[in-house]
Amino acid sequence: MRSKWVVLAVLLLLIAGAASVYFLFFKETAALASEKEIQEIVETQYEGSTIQSISLKEPEYVVMIENEKGVYQIVIDGESREVTSLKRLKANADGTPPADGEPNPTDPPAETPPSEEAPPPTILTEQQAIEIALQEVSGKVDDIELDDEDGIRVYEVEIEVDEETEALVIINAYTGEILSLTWD
C-alpha cells in the first residue's frame with residue numbers, strides 16, 4: 001500500500017515538473033511591437049494623418065494623430081498590433097489644422113459658468129445618432145442602443161462594413177460627439 005503512495009507522489013512531481021518546464025521555456029508569449037511597427041500601422045491605416053506622439057503604456061501604445069477632420073487618440077494593443085480604440089479629441093470645424101496658440105486638445109475643456117437661462121439638454125433621436133455614425137463609417141446599421149458609459153448617456157451604434165468587418169461607434173447622446181470608434 002505504501003509503495004502505491006510513493007509511486008503516486010513521484011508521478012505527481014514529474015507532471016508538475018514537466019508543466020513548469022513547458023511554461024518557463026516553451027510557451028510562446030507575444031512580443032511587444034516596437035514603436036517603429038506602431039508608426040507603420042498608423043501610417044498605413046490612417047493615411048494623410050500626421051503623428052503627433054506615440055507613448056507606450058504597456059501593453060498598449062497611445063498614438064495622437066491629426067488630420068483634416070481633427071485630432072484623434074488611437075490605442076493599439078502592443079501584442080496583437082490591433083487598433084482597440086479611436087477617439088476624436090477635437091474636431092476641426094473648417095477642415096484646417098488648428099493654428100498655433102490654440103488650446104492643446106488633450107487639455108481638459110475650460111469650464112464655463114452655468115447659465116440660468118439655458119434650457120435642459122435634449123437627447124438626440126436614434127435617427128440623428130445613426131446619421132452621425134454613418135458620416136464617420138460607411139456601412140449598414142446593425143444595431144443601436146442607448147446606454148450609460150462612465151456616467152454619460154451614449155448611443156452605441158453597430159455598423160456592418162462588410163461581411164468580415166464591423167464597427168462600433170459610441171456617440172454622446174446629448175452633444176452628438178463621437179466618443180470612440182472600435183473596429184471588430
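Which residues are exposed on the other side of helix H2? Before I answer, a word on the model.

This is a predicted model, in which local features need pLDDT of at least 70, side-chain atom pairs count only at pLDDT 80 or more, and totals for chains, interfaces and linings use all residues. Residues are numbered from 1 along each chain as its sequence is written, and side-chain values use heavy atoms, with hydrogens and water left out.

Let us turn to H2, residues 35–45. Helices (H or I, at least four residues) and strands (E, at least two) are DSSP runs, numbered from the N terminus. The buried residues of H2 are Ile38, Ile41 and Val42; buried means under 20% relative accessible area, and exposed over 50%, with a 1.4 Å probe and protein chains only. Because these residues cover an arc of only 95 degrees around the axis, they lie on the same side of H2; the arc is that of the directions from the helix axis to the C-beta atoms. On the other side of H2, Lys36 and Thr44 are exposed.

The buried residues of H2 pack against strands S1 (50–57), S2 and S3. Ile38 touches Ala33, Ile54, Tyr61, Val63 and Ile76, leaving aside residues up to four places away in sequence; contact means heavy atoms within 4.5 Å.

Finally, I come to the strands. S5, residues 140–149, pairs with S6 in the antiparallel sense over nine bridges, where pairing requires that DSSP finds at least two bridges between the strands. Their hairpin has two residues between the strands, and Asp150 takes a positive phi near 55 degrees there. S6 also pairs with S7, again antiparallel, over seven bridges, and five residues lie between S6 and S7 in their hairpin.
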